[in-house]
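Student: I would like to learn how to read the domains, core and helices of a model like this one. Could we go through it together, beginning with the domains?

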Amino acid sequence: MLVLSMMPFVLLIAAYLACSSARLVANPGDKLLPSPATLAATIHRYALEEDERTGDILLWADTAASLKRLLVALGVSALLGVAFGVAIGVIPYLRATLAPFVAALSLIPPLAVLPILFIVAGLGELAKVLLIIIGVAPVIVRDLTLRTQELPPEQMIKAQTLGASTWQLILRVVLPQTWPRLIDALRLSLGAAWLFLIASEAIASTDGLGYRIFLVRRYLAMDVILPYVAWITLLAFTMDALLRLLRSKAFPWA
Amino acid sequence: MTQITVKRLWKEYGSQVVLENVNLHVGDHEFVTIIGASGCGKTTFLRMLLGVETPSRGEFLIDGEPLPREPGPDRGIVFQRYSLFPHMTVIQNLLLGLELHASPVFARLLGARRRAAVAQAEELLEAVGLGASRGKYPAQLSGGMQQRLSIAQSVICQPKILLLDEPFGALDPGVTADMHELILKLWNLNKMTIVMVTHDVQESFYLGTRLLVFDKVRRDSQAPDRYGATITYDIPLKGHRRQTLPSLTAS
C-alpha cells in the first residue's frame, strides 16, 4: 500500500529531475527548473541561515507569521461557527432571522471585499485575519446549522421528557455532538483558509509565506518558490492529519 | 395517582381528518396497549399525549389539568429508534435524566451527589441487565440492549406516564420476550401508567391491562380523508394476561 501510494510522488520527482537536467544542459543559466543542488543550497540559506538584512531565519519567520494569522482566523471562525451554527440550528426564531442573512453573507466573494478590508482595517494583521474569517466562518456556520438540524428529532424530544430546558438541551445533547462535525468543517475549510491567507499576504505584507513567494516571483526565483509551495503543502497536510487524529481520539463514538 | 382523560378529541391536518371524537378515561397504573391499521392515527394519538402535536379540537387532561404543550418529565417516551444519545456511554445516558433534574445550569453533578446518582443508575443498570455494558457507547450495543437502556433512561426520571411507540418493533422475537418481562417488571416496580402503541396483536393482549383498537367507523370511498379513526374496541384485559403467558413463551 505504502509503495503504491508513494508511486505518484516518486514519478513526479523523477519527471522533474529529468526535465530539469535536460533544460540545464541546454542552458546552464535556466531559472525555471533549478537543479537539486541549487534547491538544496537555497533551502539551506532560507531555513538554516540568518538573513543579512533582518537577522531572522526567513523560512521560520515567514512560517510563524503565516501560521499565527491562519490559526487565529481559524480559531475565531470555529467559535463563530459553533455559536451561530448551533443557535441557528436549534432556535427557530434565530433561524428565521439569521439563516438567509448568513446564506447571503457566505456568497460574497471574500477577495472582492479585500480592498474594503484594507481600507477599513488598514494594512496590518487585522485585515488579513478578517479576510480568512469572512471567507471561512459563514461556510462553517451553515455547515454546523445543517448538521445540528440533522440530529434526530427523537433525541430532542427524549431529552425534553428527561426534563431538559433549551439551554440544557444545547449544552448536553447538541454541543457535544457538534464537536466532531466542527472538526470536519475545519478540515474542509483548510484549503480556502490558506488561499485567503496567501492572497492577502501577496497584496500587502512584510512577512509570511505568501509574501515571500510573491516577492521572489519578480526574480523568477523558482528555487525559492518551489520549496515554499512544498512547505505550505506539508503544513496544510499536517494540520489536516492532526485534526483527523484529534477527531478519532477525542470522539470515539462518532 | 395518575388519571388520563380525553374528551371529544379531533385531529385534522387541513382537510384530512385523522382522529375523530375520541373519548377515553385511563385510571392509575393501567397498561394501555393501542393497536390499529397503519395510518389510523394511533401514533398521532401518542404524539399528542407526548406534547409534540396539538389536538385540533377537544382536550387532554392529566389528573384534571390540561396537558402541557411541550414534552416534559412527567411523560417518558421510548421510540423505536434514536432514543439514545450516541455521544454518551451507557452509564452517562442513564445519568442524564438525574443530572438535568438536579443541575439546571451545568447539567452536571459533582462529589457526593454524583456518587449517589451513579449508585442509583448502577442499580437500575443491573436491574435491566446492562451492568456489564456500563462504559460502552450505544452504537456498540445490540438493538435489544439499546431499547433496554432507553426504557431505563426514561424510568430513572420516574415519569407518571410512560409512552412506548412500537418500542420492540425492530427486535428479534426471542429478544422481544425478554423485553416484555422487563417492561412488566418496571411497570410493577414504578407504579406508572403505560400507554403503548404496537402493531403486534399478541403483544398487545399479553402486556396490556386494557386494549384499545383504533379504526374508522365511517368510510367514504370517494373521499378517504373525510372521516377519521376513533376507538372502536376498548377491551379490559385484567387477569387475562397470565393465561397467555405460557403460550407466548412456548412459541
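Tutor: Domain bounds here come from an automatic or database domain assignment, and for chain B this gives domain 1 (1–74 + 161–251) and domain 2 (86–158). This is a predicted model, in which local features need pLDDT of at least 70 and side-chain atom pairs count only at pLDDT 80 or more, while totals for chains, interfaces and linings use all residues. Residues are numbered from 1 along each chain as its sequence is written, with chains lettered from A and ligands numbered from 1 in the order in which they are written.

Student: How many residues does each domain of chain B bring to the contact between them?

Tutor: Two residues are in contact if their C-beta atoms, placed from the backbone, lie within 7 Å. By that criterion, 13 residues of domain 1 of chain B meet 10 residues of domain 2 of chain B. On the domain 1 side, helix α5 (residues 173–190) of chain B supplies the largest share, 7 residues; helices (H or I, at least four residues) and strands (E, at least two) are DSSP runs, numbered from the N terminus.

Student: Which residues have the most contacts inside the largest nonpolar core?

Tutor: A nonpolar core is a set of buried Ala, Val, Leu, Ile, Met, Phe, Trp, Tyr and Cys residues joined through C-beta atoms within 7 Å, and a residue is buried if 20 or more other C-beta atoms lie within 10 Å of its own, exposed if 12 or fewer, and partly exposed in between. The largest such core has 109 residues, and those with the most contacts inside it are A:Ile132, A:Ala193, B:Ile34, B:Ala152, B:Leu163 and B:Val195. Domain 1 and domain 2 of chain B both give residues to this core, so it lies between them.

Student: Where does B:Ala152 make its contacts, leaving aside neighbours within four places in sequence?

Tutor: Its partners are then B:Leu94, B:Leu124, B:Leu125 and B:Val128. B:Ala152 is one of the buried residues of α4(B), a helix spanning residues 143–155 of chain B, and 10 of the 13 residues of α4(B) are buried. Those buried residues pack against α7 of chain A together with β6, α2 (90–102), α3 (111–127), β7 and α5 of chain B.

Student: Which residues of strand β6 of chain B lie on each side?

Tutor: In a regular strand the side chains alternate between the two faces of the sheet. In β6(B), residues 75–78, B:Arg75 and B:Ile77 lie on one side and B:Gly76 and B:Val78 on the other, and all are buried.

Conventions. Expected span 1.5 Å × (residues − 1).
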